[in-house]
Amino acid sequence: MVLTPSVPEPISADPPTSAENPLLTQSWLDLAFLHWAVDPADVAPLLPAGTVPDLHDGATYVGLVAFRMHRVGWFRLPGIPYLGTFPETNVRLYSVDAHGRRGVVFRSLDASRLIPVAVARGAFRLPYQWSRMSIRHSDDSGSGDTVTYTSARRWPGPRGVASRIVVRVGERVEEPDDFEHFLTARWGMHNTFFGRQMFLPNAHPRWPLYRADLIECDEDLIAAAGLPQPVGDPVSVLYSPGVPVRFGRPARPGGIPTP
């Protein structure tokens, strides 16, 4: 059966819900957003049942997002300093469901803490991978902050899957356009949990976004995630110092949040 979604919700820099009683809290820091256009026909088979590729001007995108997860916490409890803080790099796609909710679908999430990786894989069925990772800031050239993200996959593998991303942070994006909001302001995650469709909403302040120059990108995470290897430079490269994030309760298939 072909899914016919309702009209997608508007693209917005602000979350549609506040997640005042969060299931999870965390901060996403030092983010590099790299995006390439990808054929919707290549994306559609990789999405959970009940979703289709989300399009912007007829195209969809694959995102390679490297950042530092900071102090993941449950409910309103303080975030965990060590186990809840680690580098992460994810490969993500853009989805919309029959209720018009725009979201992301993670094809892989590399992280440097084994226990959070094991919990996320076992309890939430998320495709986390344990990797050796680092994030390093430098200003050796005197031309601005340069951030280097590295990862090398350890478990469950296959080993040899790695990435090295180097960006130089540029000027502030004072007025992000509709496309930049489409790529970064995603207010939920689509996933399949024990055979059932799940939508996990999130909320955070508006992204502070900066232009970024891509100095180096040597990666095979995207191909390992089942997508064609990108050809050419990304169509968008952005950087953000980060935001605090709250995840709300997952929505039932009918779109009603759980209590």
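Where does D57 lie? D57 is in the loop between β2 (51–53) and β3 (60–74), with strands (E, at least two residues) and helices (H or I, at least four) taken as DSSP runs and numbered from the N terminus. Here are my notes on that residue and a few others.

1. Ground rules. This is a predicted model, in which local features need pLDDT of at least 70 and side-chain atom pairs count only at pLDDT 80 or more, while totals for chains, interfaces and linings use all residues. Residues are numbered from 1 along each chain as its sequence is written, and side-chain values use heavy atoms, with hydrogens and water left out.

2. Most residues other than glycine have a negative phi, and most peptide bonds are trans. D57 has a positive phi, near 55°, and R125 has one near 60°. D57 counts as exposed because its relative accessibility is 75%; R125, at 39%, counts as partly exposed. (Buried means under 20% relative accessible area, exposed over 50%, partly exposed in between, using a 1.4 Å probe and protein chains only.) You'll find R125 in the loop between α2 and β6 (128–138). Also have a look at W155 and P156, which are joined by a cis peptide bond with omega about 0°. P156 sits in the loop between β7 (146–155) and β8 (162–172).

3. The open space. The largest pocket holds about 1000 Å³. It has 48 lining residues, and the closest to its centre are L24, Q26, F124, L126 and L200. Helix α2 gives the largest share of the lining, 6 residues. By class, the lining has 33 nonpolar, 10 polar and 5 charged residues. (Ala, Val, Leu, Ile, Met, Phe, Trp, Tyr, Cys and Pro count as nonpolar, Asp, Glu, Lys and Arg as charged, and the others, Gly among them, as polar.) On a 1 Å grid over the protein atoms alone, a pocket is an open set of points with protein on both sides within 12 Å along at least five of seven lines; a cavity is a set where a 1.4 Å probe fits but cannot get out, and lining residues have an atom within 4 Å of a point. Grid points are joined across faces, edges and corners, and volume is the space filled by probe spheres set on them.

4. Charged pairs. Side chains of opposite charge can pair when their charged atoms come close. The count is 8 salt bridges, each a side-chain nitrogen of Lys or Arg within 4 Å of a carboxyl oxygen of Asp or Glu. R206 pairs with D14, with the closest N and O atoms 2.8 Å apart. That pair links distant parts of the chain, 192 residues apart. D54 and R186 meet at 2.9 Å, N to O. D54 lies in the loop between β2 and β3 and R186 in the loop between α3 (178–184) and β9, so this pair ties together parts 132 residues apart in sequence. Both D54 and R186 are buried. R211 and E180 meet at 2.4 Å, N to O. R211 is in strand β11 and E180 in helix α3, so their pair ties together parts 31 residues apart in sequence. Finally, salt bridges that share partners join D54, R102 and R186 into one network.
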